[in-house]
Amino acid sequence: MTDCIFCNILKGNIPSYKVYEDDFVFAFLDITQVTKGHTLIIPKEHVKDVFEWTPSIATHLATAIPKVANALQKAFPDMQGLNIVNNNKELAYQSVFHSHIHLIPRYTNEDDFALTMRSNMDDYTSDMMQEIAQNIKNQF
């Protein structure tokens, strides 16, 4: 799909902070960084949402989630929990219509322990994002 931001990231047309990749999935830092290490896992095949997943896509995503989650935990020892979020369709707050799973680390120093999907992208420079991504990649 030519106008899909995630497909363009996969093609290398849009830069990203890759943390994991295999033949079927791609994981990269979410530019909003709800919390430090907030990562997206996407299937390489363009599917709009969970309603278009095949059993194969589901298997590959489910296999990648614990790999990336464990890398996050090793990369950030102060991480106290992890939210795994998947929004499907506009009413459920899906904003990019290429299926994706959010892995959102939780820390005890957070002001609000409720899950809020707020953007903190202004708090992170490109160098900081590269350092976070490299820290996670080093855990594989």
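**Briefing: salt bridges, rings and loops in a predicted model**

Lys89 and Asp49 form a salt bridge, with 3.7 Å between their closest N and O atoms. This pair links distant parts of the chain, 40 residues apart: Lys89 sits in the loop between β4 (79-85) and β5, and Asp49 in the loop between β3 and α2. The model is a predicted one. The protein has 3 helices and 5 strands. The points below start with the overall build and then turn to particular residues.

**Overall build**

- Read from the N terminus, the elements follow the order α-β-β-β-α-β-β-α.
- The radius of gyration is 14 Å, close to the 14 Å that the globule rule gives for 140 residues, so the protein is as compact as a globular protein of that length.
- The C-alpha trace spans about 40 × 30 × 25 Å along its principal axes.
- Of the 140 residues, 41% count as buried.
- The protein exposes about 7700 Å². Carbon and sulfur atoms supply 53% of that area.
- Take the contacts between residues at least 6 apart in sequence: 60% of them join residues at least 24 apart.

**Salt bridges**

- How many salt bridges does the structure hold? There are 3 salt bridges.
- Asp49 counts as buried, at 2% relative accessibility. Lys89 is partly exposed, because its relative accessible area of 42% falls between the 20% and 50% limits.
- Lys44 forms a salt bridge with Glu21, and their closest N and O atoms are 2.8 Å apart. That pair also links distant parts of the chain, 23 residues apart. Lys44 is in the loop between β3 (39-43) and α2 (55-75), while Glu21 is in strand β1 (residues 18-21).
- Lys18 forms a salt bridge with Glu21 as well, with the closest N and O atoms 3.1 Å apart.
- Lys18 is partly exposed, at 32% relative accessible area. Glu21 is partly exposed too, at 37%. Lys44 is partly exposed, at 27%.
- Which residues do shared partners join into one network? Salt bridges that share partners connect Lys18, Glu21 and Lys44.

**Aromatic rings**

- The structure holds 3 aromatic pairs.
- One of them joins Phe6 and Phe28 edge-to-face, at 5.4 Å centre to centre and with 80 degrees between the planes.
- Are Phe6 and Phe28 buried or exposed? Phe6 is buried, with a relative accessible area of 5%. Phe28 is buried, with a relative accessible area of 3%. Both count as buried because their values are under 20%.
- Ring pairs also bring in Phe26, linking Phe6, Phe26 and Phe28 into a cluster.

- Where is Asn120 found? Asn120 is in the loop between β5 (101-107) and α3 (126-137).
- Asn120 has a relative accessible area of 18%, so it counts as buried under the 20% limit.
- A polar atom of the Asn120 side chain lies 2.8 Å from the backbone oxygen of Val34.
- Leaving aside residues up to four places away in sequence, Asn120 touches Thr32, Gln33 and Val34.

**Residues with positive phi**

- Gln33, one of the residues that Asn120 touches, has a phi near 45 degrees. That is a positive value in a residue other than glycine.
- Gln33 lies in the loop between β2 and β3. Gln33 is buried, with a relative accessible area of 0%.
- Lys89, the salt-bridge partner of Asp49, has a phi near 80 degrees. This value is also positive in a residue other than glycine.
- Lys89 lies in the loop between β4 and β5. Lys89 is partly exposed, whereas Gln33 is buried.

Definitions and conventions:
Residues are numbered from 1 along each chain as its sequence is written. This is a predicted model: local features need pLDDT of at least 70, side-chain atom pairs count only at pLDDT 80 or more; totals for chains, interfaces and linings use all residues. Side-chain values use heavy atoms; hydrogens and water are left out. Helices (H or I, at least four residues) and strands (E, at least two) are DSSP runs, numbered from the N terminus. Buried means under 20% relative accessible area, exposed over 50%, partly exposed in between (1.4 Å probe, protein chains only). A polar contact is a pair of N or O atoms within 3.5 Å; within protein, one must be able to donate a hydrogen and the other to accept it, and residues adjacent in sequence count only if both atoms are side-chain atoms. Contact means heavy atoms within 4.5 Å. Rings of Phe, Tyr and Trp (its six-membered ring) pair if their centres lie within 6.5 Å; planes under 30 degrees apart count as stacked, over 60 as edge-to-face and the rest as tilted. A salt bridge is a side-chain nitrogen of Lys or Arg within 4 Å of a carboxyl oxygen of Asp or Glu. The radius of gyration is taken over C-alpha atoms; the globule rule is 2.2 Å times the number of residues to the power 0.38. Accessible areas come from the Shrake-Rupley method with a 1.4 Å probe; for residues, only the protein chains shown count as cover.
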